[in-house]
There are 2 protein chains.
Amino acid sequence: MKHITISEVGPRDGLQSVETTLSTEAKLAWIEAEYAAGVREIEVGSFVSPKLLPQMADTEAVVRGAQHLEGLIIAVLVPNVRGCESALRAGAHKISVPLSLSETHSLKNVRRTHAQMLDEIRSCLKLVEAMPESEKPVFEVGLSTAFGCTLEGVVPESFVVEMAERVLDLGVAEVGLSDTTGMGNPAQLERLLTGIWQRCGESRLTGVHLHNTRGQGLANALRAVELGITTLDSSLGGLGGCPFAPGASGNIVTEDLVFMLQSMGYPTGIDLEALLVVRQQVAELLPEEEWFGFTAAAGLPKHFGAATLQ
Amino acid sequence: MKHITISEVGPRDGLQSVETTLSTEAKLAWIEAEYAAGVREIEVGSFVSPKLLPQMADTEAVVRGAQHLEGLIIAVLVPNVRGCESALRAGAHKISVPLSLSETHSLKNVRRTHAQMLDEIRSCLKLVEAMPESEKPVFEVGLSTAFGCTLEGVVPESFVVEMAERVLDLGVAEVGLSDTTGMGNPAQLERLLTGIWQRCGESRLTGVHLHNTRGQGLANALRAVELGITTLDSSLGGLGGCPFAPGASGNIVTEDLVFMLQSMGYPTGIDLEALLVVRQQVAELLPEEEWFGFTAAAGLPKHFGAATLQ
């Protein structure tokens with residue numbers, strides 16, 4: 001079975017959605033604890049205007065503070081060239097630019113048309129390409145609202161494939177698929193993945209960012225790994241992910257995802273028991289938040305031990 | 001795409017787990033409302049000692065009260081011959097006897113060894129066989145703790161297959177697989193299904209009863225329908241299902257399951273919008289209970305309408 005990389009997005013996607021602003025020390029404690037539990041890719045923050053998201057104002061310090069964790073891929077989100085400059089300066093290993101396939105959503109979210117976003121991506125790419133080889137991060141574009149949009153409704157699948165190709169043709173290493181609105185289903189995911197893979201090659205799309213807004217997260221994740229996806233985004237306790245209504249979770253819950261993968265025999269390198277302890281620790285830092293997921297409350301089966309560290 | 005039958009188990013599995021005892025009228029109102037939303041199989045109760053489960057004391061009246069709903073399969077659970085007699089007298093269309101594959105669990109749950117349970121099943125079968133052809137219900141045995149047991153730990157997969165064969169050899173129409181403890185994963189489900197199908201034939205195992213105790217319910221359901229399972233048990237709001245800890249859901253949530261299946265194009269005959277209204281109505285009858293599921297809070301996507309009634 002292929003190794004699956006869990007990319008923990010809680011410190012970015014989770015923390016940008018909550019009222020509380022965690023201190024840099026608290027964020028680094030969270031990141032270090034997940035690293036100690038075996039997580040090897042963490043989206044630690046985003047380089048956006050601190051006026052818009054004060055919770056993310058210290059992202060540069062967080063990236064620098066995580067550099068000593070050997071083997072950890074430090075991922076960040078950047079919405080524009082300015083953010084990309086900061087990410088490169090801080091030494092991020094993976095930079096993601098979100099491109100919303102719903103132009104209405106793109107205008108609302110980052111006030112840019114598709115053409116403007118493609119220009120922005122082109123400019124970011126130039127900056128990345130200018131870096132010395134040893135410091136060059138992985139540069140990817142996350143295709144958001146790829147499964148449907150609350151504003152536009154259907155996002156045509158042919159358009160998703162077309163935009164993936166256009167973005168990859170710019171020279172971007174990879175695109176990712178994001179179910180921003182939690183509308184996706186496994187059949188749709190399969191059509192999108194195979195459509196893009198056939199047109200652009202399997203190595204150009206290896207990760208997906210799925211939400212659990214309608215409870216479909218793990219079913220979609222299952223289909224994704226079966227088809228060959230090797231990186232799955234998820235969030236500790238399902239924190240974040242643009243919930244649309246109270247009680248509607250956003251992100252896939254990291255703990256439940258690790259339970260599924262390891263039970264099936266997919267190695268993740270994560271110690272699930274240790275991860276459940278990290279959940280408790282982070283939950284104490286954010287007492288106002290609703291924590292999702294079922295494995296924590298149910299506990300691990302008696303005989304799970306042998307499969308915990310694969 | 002194959003039609004998938006959703007077997008709603010809330011009135012049995014849900015209500016046996018809650019403190020409140022609903023009146024016969026309230027139970028029938030629930031059953032009628034789900035029927036009106038398109039549900040065509042409902043486990044309406046169990047014939048167990050009213051001393052043990054007072055919530056189920058009126059199961060005979062509920063079965064009789066549901067008889068006018070044309071095309072509805074009225075399913076019941078019976079633990080023994082006495083229960084089977086009552087079920088036949090009331091006119092149930094489908095009778096399930098649970099057989100726990102963990103003998104420790106069987107002894108604790110129904111105070112019977114495997115040998116004693118097989119005797120009980122044999123006696124039930126005789127009663128069923130003696131019925132006139134037109135009144136003969138479907139008789140099935142649910143293999144519970146098939147994915148692991150909280151008491152015994154691992155339940156060997158070869159033993160699950162062996163017991164399925166022994167039960168089917170008695171002349172039982174079908175066996176079902178129950179993930180009583182919510183320990184199952186899609187790979188294990190696939191091994192068990194293919195193991196039993198190869199030995200006994202696909203027509204002898206067409207339904208599964210999955211739990212969501214560790215959040216794996218829909219992922220397991222996805223794998224099951226892909227492989228050819230055509231009946232899935234689930235419960236409105238995830239009510240019931242032996243939760244092991246507060247906040248740990250038991251059953252798969254009917255609403256989220258219908259969302260998945262219909263989004264993928266599997267016809268279920270269920271009007272999901274109507275079902276979400278039933279959820280609200282039943283929730284008002286059981287204000288003390290925790291209601292699970294995400295679709296209700298997030299709402300249906302704008303463009304879901306066309307797919308609602310398939």
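Predicted model: local features only at pLDDT ≥ 70, side-chain atom pairs only at ≥ 80, totals over all residues.
Author: Residues are numbered from 1 along each chain as its sequence is written, and chains are lettered from A and ligands numbered from 1 in the order in which they are written.

Reader: How do you know that the copies meet through the same surface?

Author: Two residues are in contact if their C-beta atoms, placed from the backbone, lie within 7 Å. The contact takes 39 residues from chain A and 39 residues from chain B. By class, the side of chain A that touches chain B has 19 nonpolar, 16 polar and four charged residues (Ala, Val, Leu, Ile, Met, Phe, Trp, Tyr, Cys and Pro count as nonpolar, Asp, Glu, Lys and Arg as charged, and the others, Gly among them, as polar). Because 100% of the interface residues of chain A are also interface residues in chain B, the copies meet through the same surface.

Reader: Why are α9(A) and α9(B) called oblique to each other?

Author: Helices are DSSP runs of H or I with at least four residues, and strands are runs of E with at least two, numbered from the N terminus. Axes are lines fitted to C-alpha atoms, for helices over the stretch in contact, and angles run from 0 to 180 degrees between N-to-C directions. Angles under 35 degrees count as roughly parallel, over 145 as roughly antiparallel, 65 to 115 as roughly perpendicular and the rest as oblique. The axes of α9(A) and α9(B) come within 7 Å and cross at roughly 50°, and the two helices are therefore oblique to each other. Leu218(A), Ala219(A), Leu222(A) and Arg223(A) meet Leu218(B), Ala219(B), Leu222(B) and Arg223(B) there, and the residues of this contact divide into six nonpolar, no polar and two charged.

Reader: What makes α10(A) and α11(A) roughly antiparallel?

Author: Their axes come within 10 Å and cross at roughly 175°, and α10(A) and α11(A) are therefore roughly antiparallel to each other. The contact joins Thr254(A), Glu255(A), Val258(A), Phe259(A) and Gln262(A) of α10(A) to Leu272(A), Leu275(A), Leu276(A) and Arg279(A) of α11(A).

Reader: How do you know that α9(A) is largely enclosed by the rest of the structure?

Author: A residue is buried if 20 or more other C-beta atoms lie within 10 Å of its own, exposed if 12 or fewer, and partly exposed in between, with C-beta atoms placed from the backbone. Nine of the eleven residues of α9(A) are buried, so this helix is largely enclosed; among them are Leu218(A), Ala219(A) and Leu222(A). In chain B, α10(B) is mostly covered, with eleven of its eleven residues buried.

Reader: Why does Pro54(A) count as exposed?

Author: Pro54(A), found in the loop between β2 (41-46) and α3 (59-66) of chain A, has 11 C-beta neighbours inside 10 Å and therefore counts as exposed.
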